[in-house]
Amino acid sequence: MKKLFIALLFVSTQLHAQQLSVENKPVLNEDGKMVDAWVAHLDQDQSYCMNTYSEFMRKNFDYRTGRRAKNILSVDKKTFGEISSLRIDQRAIFWPESNGTAVAFQFSPGYDIHFGNELYKDEFNKAETLVKNYVRFHYKYFYDEKIKDLNSKIKSKQKSISNNEARISKNEKTIAQNNEDISANAEGAEKLRDKNSKLEKENDSMHSENDKLKSEISGLEDEVSKATESLKTAEAFN
């Protein structure tokens, strides 16, 4: 039993893990040249990562991205003061991986001149920080959206519960009044009994629906908690 628990815990941890990895390796650019790059590994699909890269450049530097190829975005002839005073072309090359997407960042101050492990080594090493800043931005963007969506679903379900409870309360008042009329031997007592029976079944159905909604809300709240913890882990990545 203990071994089974450990195995399940491992699987659960893996399911909620996230890639927080940046590595230094050469990557082929659109000119067919192998260029040193800082490569980030992310959990989301290529389209989503291309979007967060564009948002990262827009929100942090007020730079607009261009497209050099289907899987390559770039910011051209711009300065990144924390790396160098030189105007550079900054490429981001995207490709799918089994667990998500790889994004290679390359930095070029001139045609066929690139920051790397030999030429402009200091600038290339400084560029690692920018890539890690992007990784943190990417996951914050992702988890902020996810948490917002989860909270919206929770709010919608809570509203449904509230509506059901109001309806149940109204039905209970009607049932109570009908019972008083039945006790007074009012005309149409049989019809009132039939009406009460239908209202009681409706209330039972809404009670069951509320129980289901509350269970779903609990599950969504767990997801919010896990997403919040994952966001904290990503924000601590350095």
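A residue is called buried if its relative accessible area is under 20%, exposed if over 50%, and partly exposed in between, with a 1.4 Å probe and protein chains only. The model is predicted: local features need pLDDT of at least 70 and side-chain atom pairs pLDDT 80 or more, while totals for chains, interfaces and linings use all residues. Residues are numbered from 1 along each chain as its sequence is written, and side-chain values use heavy atoms, with hydrogens and water left out.

**Exercise 1. Determine whether Thr-52 is buried or exposed, and state which residues it touches.**

Step 1. Thr-52 belongs to helix H2; helices (H or I, at least four residues) and strands (E, at least two) are DSSP runs, numbered from the N terminus.

Step 2. The relative accessible area of Thr-52 is 0%, so the residue is buried.

Step 3. A contact requires heavy atoms within 4.5 Å. Leaving aside residues up to four places away in sequence, Thr-52 touches Tyr-134, Phe-137, His-138 and Tyr-141.

Step 4. The side chains of Thr-52 and His-138 are joined by a polar contact of 2.8 Å. Such a contact is a pair of N or O atoms within 3.5 Å; within protein, one must be able to donate a hydrogen and the other to accept it, and residues adjacent in sequence count only if both atoms are side-chain atoms.

**Exercise 2. Classify the ring pair of Trp-38 and Phe-124, and then that of Tyr-53 and Phe-105.**

Step 1. Rings of Phe, Tyr and Trp (its six-membered ring) pair if their centres lie within 6.5 Å; planes under 30 degrees apart count as stacked, over 60 as edge-to-face and the rest as tilted. By this rule there are 18 aromatic pairs.

Step 2. The ring centres of Trp-38 and Phe-124 are 5.0 Å apart and the planes meet at 15 degrees, so this pair is stacked. It links distant parts of the chain, with Trp-38 in strand S2 and Phe-124 in helix H3, 86 residues apart.

Step 3. Trp-38 counts as buried because its relative accessibility is 7%; Phe-124 is buried at 0%.

Step 4. Tyr-53 and Phe-105 form an edge-to-face pair, with 5.8 Å between centres and 70 degrees between planes. Tyr-53 lies in H2 and Phe-105 in strand S6, so the pair ties together parts 52 residues apart in sequence.

**Exercise 3. State how strands S1 and S2 pair.**

Step 1. Two strands pair if DSSP finds at least two bridges between them.

Step 2. Strand S1 (residues 21-28) and S2 are antiparallel, with eight bridges. Lys-25 stands opposite Ala-37 in S2.

Step 3. S1 and S2 form a hairpin with five residues between them, and Gly-32 in the turn has a positive phi of about 80 degrees.
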